[in-house]
Amino acid sequence: MKEMKGHLILLMGPMGSGKGTLVKHVQEQFPELQFAVSGTTRNMRPGETDGVEYYFLTTDEFDEKVKNNDFLEWAEFSGNKYGTLKSEILEQLDKGKVVLNEIELQGVQQLLPIVPEANRTLVYVESGQWESLRDRALARAPISEEHLVLRHERYLEEIQMKPYADVIIQNENNKQEDAKQQMANVVQDVFSKVNI
């Protein structure tokens, strides 16, 4: 691990904070940026493609990868399993690539001892208080009270990631363009360090 040449950008933040929009923006701006595709047992949603948003795995396939030690980290949320594949991160870092990975709190805690501090940047997306996230979610689609309670519990877990961050991006209402620019600046800064 000491000889790692590349750099890992870990993107963290609560559900609905706009992480996906920021990922899409920097993927368009930096075609050489590698995006680590995670594995999951959750069902594919309309418009998703296997191997693009996620590798969609059966529970048996996922468990086999766990048994074979194919994941750097994995966790279970809302009855579905999610994991970061070693091949998506370590192999790319060894080649000197810059890799972007959207990650959960448990994943961050498991990855910190594996990827040296000099080879990683943790970015937290700040998107306001629970009330504004709840209102944003309700504006997109109707959500049951039970599901809202589960989302709130998840939000309370996710905001625990903030103290781990090297960079905090403000992505509250009306700040999306600023947030995109901040994210692009982080990626540009990482590329300038890696290419020295």
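This is a predicted model: local features need pLDDT of at least 70, side-chain atom pairs count only at pLDDT 80 or more; totals for chains, interfaces and linings use all residues.
Two strands count as paired if DSSP finds at least two bridges between them.

Strand E1 covers residues 7-12. Which strands are joined to E1 by bridges? One is strand E7, residues 98-102, which runs parallel to E1 and is joined to it by five bridges. Within that pairing, Ile-9 has Leu-100 of E7 as its bridge partner. The other is strand E8, residues 120-126, also parallel to E1 and likewise joined by five bridges. Here Leu-11 is partnered by Val-123 of E8.

Let us turn to the side chains. In a regular strand they alternate between the two faces of the sheet. Are the faces of E1 covered or uncovered? Both are covered: His-7, Ile-9 and Leu-11 are buried on one side, and Leu-8, Leu-10 and Met-12 are buried on the other. Thus six of the six residues of E1 are buried.

My second topic is a pair of helices. Two packed helices are described by the angle between their axes and the distance between the axes. For helix H1, residues 19-29, and helix H7, residues 176-194, the axes come within 9 Å and cross at roughly 55 degrees. H1 is therefore oblique to H7. The crossing of H1 past H7 is right-handed.

Which residues make this contact? From H1 they are Thr-21, Leu-22, His-25 and Val-26, and from H7 they are Gln-176, Ala-179, Lys-180, Met-183, Ala-184 and Val-187.

Definitions and conventions: Residues are numbered from 1 along each chain as its sequence is written. Side-chain values use heavy atoms; hydrogens and water are left out. Axes are lines fitted to C-alpha atoms, for helices over the stretch in contact, and angles run from 0 to 180 degrees between N-to-C directions. Helices (H or I, at least four residues) and strands (E, at least two) are DSSP runs, numbered from the N terminus. Angles under 35 degrees count as roughly parallel, over 145 as roughly antiparallel, 65 to 115 as roughly perpendicular and the rest as oblique. A crossing is left-handed if the near helix is turned anticlockwise from the far one by less than a right angle, and right-handed if clockwise. Contact means heavy atoms within 4.5 Å. Buried means under 20% relative accessible area, exposed over 50%, partly exposed in between (1.4 Å probe, protein chains only).
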